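Please examine the sequence and the structure before reading on.

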Amino acid sequence: MRVICAPDTLKGSLKAPAAAGALAEGLERTPGVVAERLPVADGGEGTTDVLQAAVGGTVHEAHVADPLGRQLTARFLLLERSRTAVVESAEAIGLIHLDQHERDPTQTSSAGLGQLMLAALERGAMELIVTLGGSATVDGGEGLRAALPPGALDGVRLRVACDVQNPLLGPRGAAAAFGPQKGATAEQVALLERRLADMSELAHVADVEGAGAAGGLGAALAALGGELVPGADLVLDAIGFAERLRDADLVVTGEGSVDQTTVEGKAPAAVARVCGAAGVPCVVFGGAVRIPQTPLYGHGATAVLRLSGRPSRARRDLVELGEGLGRLASALRSG
């Protein structure tokens, strides 16, 4: 029996490769089960690691500004053969770089992401894949645009991996939907909304799906000629997920919290959808499950399982989940 272990990162607990390894360890305790480790991502934190594990490439480093303008060392992935660079927003301007008391999106800037894109271009990249999940900013890409010299993107193919489909403005927009999780108060959300609405240069792309991703970086990069694409679909295509499903008997995917955002563009729902189309059973797990299971069944999931929800137990939970699924599969085969 061949099982594909395709989890996303469990935020605050395990990165996707470690989660895939834990699942595989449990599954392979059952004789006759072969587990393939194939971690996934949707453009959020860890996308670079997932893509490098699947397709190779070289990781380079650059000194850039963090969300508050302090210098840090950020990475990008360069695929030399295709001259494509994967530039992850979270590497430069991610919430991971700020302490809790520093989270204030009225003060943070996306300039560091622009600097990281320039570093990739200076290394010879002719195509940029910019992933937008996990940013600490709601500046409509103002800092990024200021950091890119005029003409910097001329002749460069720019693809933008979005992990959400939100527009730039309104109740589902960059400020209202994501400002609070980045530290904004209700008054600051209103201020950020006004700032974004005043950016006339983004008006023509404000309603594009994904424009509100990463505090409006989706809109900013679309205005610069970027093609906004669902991050999960881009990653699954890059790692050849559909091809790897051939001869698979089961897929296990999941993330730390299965909620409404899961079915609005996150990797586990995309995995389940591809599995459903291929007729391969797919188990979705979550450290927490905060939505009814029905929407995930509609996306192709066969079963939805909840783990203990305790970050300290995450690895043990996944080993035990793999072990239980292996035993169940064995029993079904023999029965």
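## Strands β3 and β4

Val 59 has Leu 77, in β4, as its bridge partner. This pair belongs to a predicted model. Strand β3 covers residues 58–65 and strand β4 covers residues 71–79; the two run antiparallel and are joined by 8 bridges.

Between β3 and β4 lie 5 residues, and the two strands form a hairpin. In its turn, Gly 69 has a positive phi of about 90°.

## Strands β4 and β5

Strand β4 also pairs with strand β5 (residues 84–88), in the antiparallel sense and over 4 bridges. Here the bridge partner of Leu 79 is Thr 84, in β5.

These strands, β4 and β5, likewise form a hairpin, with 4 residues between them. Arg 83 in the turn has a positive phi of about 55°.

In soluble globular proteins, nonpolar side chains tend to be buried together. In this model, the largest nonpolar core contains 50 residues, of which Val 87, Met 117, Leu 128, Val 130 and Leu 132 touch the most other members. Helix α4 (residues 111–122) supplies the largest share of this core, 7 residues.

Which residues does Val 130 touch, not counting those up to four places away in sequence? The contacts of Val 130 are Val 87, Ser 89, Leu 113, Met 117, Leu 158, Arg 159, Val 160, Ala 161 and Leu 221.

Definitions and conventions
Residues numbered from 1 in each chain as written. Predicted model: local features only at pLDDT ≥ 70, side-chain atom pairs only at ≥ 80, totals over all residues. Heavy atoms only, no water. Pairing = 2+ DSSP bridges. Core = buried A, V, L, I, M, F, W, Y, C linked by side-chain atoms within 4.5 Å. Buried < 20%, exposed > 50% of the residue type's maximum accessible area, 1.4 Å probe, protein only. Contact = heavy atoms within 4.5 Å.
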